[in-house]
Amino acid sequence: MTEINIDLVKELRAQTGVSIMQCKKALEEAEGDIEKAKVALTKKSGEIAAKKGDRDLNSGVILTVTEGNKGAIFEIGCETDFVANNEDFQKTAGEVAQMIFGGTDKNADEVKEKLSEATQKFGERIEVVRIENKEGAFGTYVHNNKSVGAIVVFKAEDDSVFSKEGFEQMAKDVAMHIAAQHPKYLKKEDIDSHEMETATETLKEEVKDKPVEMQDKILEGKINAYFKERVLETQSFIKNPEITVKQLVENFGEGLEIVEFTRFGVAED
């Protein structure tokens, strides 16, 4: 067997990020040819990824990528918090997100190869869990630990409001609010009819012992209170509970409103 120089092992490790033992074995099998060793490691990474393909993705990171009036939010999944908190994993996740945002299909060979290499390097299944693309004037936020993030899109009667001082910070604050408060709906009109019916029937039980002439009014109040925390526009703004999110946005610029939002939390449905 060819004797492998430690410097060659270090060079292969620097290029691939794979463990020293895997690099040494690949170089031995390739008789010291670093290019052949890289090919062997790439092939091996695909085999490892296939074997780990049915493992649960219980951790990962949330990322946002933006350029001009386009943005996207990503969830890149892995199996454990240990890997999710690894700086090299987060760097790799960012590179994958940039590839896809730049136009590479998430099922393209280049992306699959990158993910397979990551699976081999970190010893866990690594996958792109979900992506949501947005276009327009928006704000983004990702929590420091990358476990949750959001992207929110605005529209206005006059687009000059988007260049107004403070818009970017306000938009980021709304995205942060969404990440923290987890609203389900944007407006009251968006509330699912089935959920409304279920909530109404459940809350009726709470008012059945009240005076008959007051039941409808009490029930209405309970329904409004129940959905207030599920509707973004009616939620109290997290940084100033004296106003709602809708009031915050409207106060910033006439005709300004939120048109859509997406919130991702790691390993959440």
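Biologist: Why is Glu260 called partly exposed?

Modeller: This is a predicted model, and in it Glu260 has 33% relative accessibility. Buried means under 20%, and exposed means over 50%. The value 33% lies in between, so Glu260 counts as partly exposed.

Biologist: What makes Lys134 buried?

Modeller: Its relative accessible area is 7%. The cut-off for buried is under 20%. Lys134 is therefore buried.

Biologist: How do you know that Lys134 forms a salt bridge with Glu260?

Modeller: Look at the closest N and O atoms. They are 2.9 Å apart. The rule asks for a Lys or Arg side-chain nitrogen within 4 Å of a carboxyl oxygen of Asp or Glu. Lys134 and Glu260 meet that rule, so the pair is a salt bridge.

Biologist: What makes this pair a link between distant parts of the chain?

Modeller: Lys134 sits in strand S3, and Glu260 sits in strand S8. They are 126 residues apart.

Biologist: Why is the contact of Glu257 and Lys187 called a salt bridge?

Modeller: The N to O distance is 3.6 Å. The limit is within 4 Å, so the pair counts. Glu257 is in strand S8, while Lys187 is in the loop between helix H7 and helix H8. These two are 70 residues apart.

Biologist: Is Glu257 buried, exposed or partly exposed, and why?

Modeller: Glu257 has a relative accessible area of 28%.

Biologist: Which residues join Glu257 in a network of salt bridges?

Modeller: Lys155, Lys187 and Glu233 are linked with Glu257.

Biologist: How many salt bridges does the rule give?

Modeller: The count is 16.

Terms used: Residues numbered from 1 in each chain as written. Predicted model: local features only at pLDDT ≥ 70, side-chain atom pairs only at ≥ 80, totals over all residues. Heavy atoms only, no water. Helix = DSSP H or I, 4+ residues; strand = E, 2+ residues; numbered from the N terminus. Buried < 20%, exposed > 50% of the residue type's maximum accessible area, 1.4 Å probe, protein only.
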